[in-house]
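Colleague: I am new to this structure and would like to go through it with you. Could you put it on the screen?

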Amino acid sequence: MKNTLFFLLFLFSVSIFSQDAEYDVSSYLTEGTKAPNTHYIGKACLNAIIHDDQELGYNITKATFKANSTLDWHKHSSAQVLIIVEGEAYYQERGNEAIILKEGDIIKCEKGIEHWHSSTKNNDVTYLALYGGGQPTTWTEVVTQEYYDEVAEKLKNN
């Protein structure tokens, strides 16, 4: 009985002195919303995990692309880091050959470098994109289905 009374008094005192704080908790596991088919082909969902946070100065977006989906050529006003969380992706910078990125891979694209990335022909991809909060993405050229298919054919044995 004495122990029970002590325990209840302890809980009461902790509850009095505990902070009454509200937290803004979100999840990167949420798929997000379907992106408008403006600068890509296929199906993509975006989850803006951190967006336009002035204190942090960077954004984190989770993107999920269904197989056979790609972004157009584009560049950013800051460096961009892609962290492949699940699946496989194609990635190419202007003037270089395309490569396959797999789950766990991390790649950095320098500021102002024109590039594109996508899911692979037969696999979905989910990645986290980390980038600065400056100017919006500059879209430069459409990645056609024909070009995407050529890249897929070249990389299919990798």
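Colleague: What is the place of D124?

Modeller: D124 sits in the loop between β10 and β11. Strands are DSSP runs of E with at least two residues, helices are runs of H or I with at least four, and both are numbered from the N terminus. The model is a predicted one, in which local features need pLDDT of at least 70 and side-chain atom pairs count only at pLDDT 80 or more, while totals for chains, interfaces and linings use all residues. Residues are numbered from 1 along each chain as its sequence is written, and side-chain values use heavy atoms, with hydrogens and water left out.

Colleague: Which residues does D124 touch?

Modeller: Not counting residues up to four places away in sequence, D124 touches F65, K66, A67, E86, G87, E88 and S119. Contact here means heavy atoms within 4.5 Å.

Colleague: And which backbone nitrogen lies 2.8 Å from a polar atom of its side chain?

Modeller: That of A67. It is a polar contact, that is, a pair of N or O atoms within 3.5 Å; within protein one must be able to donate a hydrogen and the other to accept it, and residues adjacent in sequence count only if both atoms are side-chain atoms.

Colleague: What is the relative accessible area of D124?

Modeller: It is 34%, so D124 counts as partly exposed. Buried means under 20%, exposed means over 50%, and partly exposed lies in between, with a 1.4 Å probe and protein chains only.

Colleague: Let us change topic. Where does N68 lie?

Modeller: N68 belongs to the loop between β4 and β5. Its phi is positive, at about 65°, although N68 is not a glycine. With a relative accessible area of 27%, N68 is also partly exposed.

Colleague: What about Y90, is it buried or exposed?

Modeller: Y90 is buried, at 4% relative accessibility. Its place is in strand β7. Leaving aside neighbours within four places in sequence, the contacts of Y90 include I99, I100, W116, S119 and K121, as well as Y148, V151, A152 and L155. A polar atom of the Y90 side chain lies 3.3 Å from the backbone nitrogen of K121.

Colleague: How far apart are Y90 and W116?

Modeller: They are 26 residues apart in sequence and 8.1 Å apart in space, C-alpha to C-alpha.

Colleague: Now the helix α2: which of its residues are buried?

Modeller: In α2, which covers residues 145-155, the buried ones are Y148, V151, A152 and L155.

Colleague: Why are they on the same side of α2?

Modeller: Because they cover an arc of only 100° around the axis, the arc being that of the directions from the helix axis to the C-beta atoms. They pack against β5 (70-71), β7, β8 (99-102) and β10 (115-119).

Colleague: What does the face turned away from that side carry?

Modeller: The exposed residues E146 and K154.

Colleague: Where is N59 found?

Modeller: N59 is in strand β4. With a relative accessible area of 3%, N59 is buried. The N59 side chain reaches the backbone oxygen of G132 at 3.2 Å.

Colleague: Which backbone atom of G132 does S78 reach?

Modeller: The side chain of S78 reaches the backbone nitrogen of G132 at 2.7 Å. S78 is in the loop between β6 (73-75) and β7 (80-93). Apart from neighbours within four places in sequence, S78 is in contact with K111, Y131 and G132.

Colleague: How many residues line the largest pocket?

Modeller: There are 32, of which L46, H76, Y131, T137 and W139 lie nearest its centre. β3 (44-50), β4 (58-65) and β11 (125-132) are the elements that give two or more residues to the lining. On a 1 Å grid over the protein atoms alone, a pocket is an open set of points where a 1.4 Å probe fits, with protein on both sides within 12 Å along at least five of seven lines; lining residues have an atom within 4 Å of a point.

Colleague: Finally, what does the secondary structure of the whole protein chain come to?

Modeller: Two helices and twelve strands. Of the 158 residues in the chain, 34% are buried. Among contacts between residues at least 6 apart in sequence, 70% join residues at least 24 apart.
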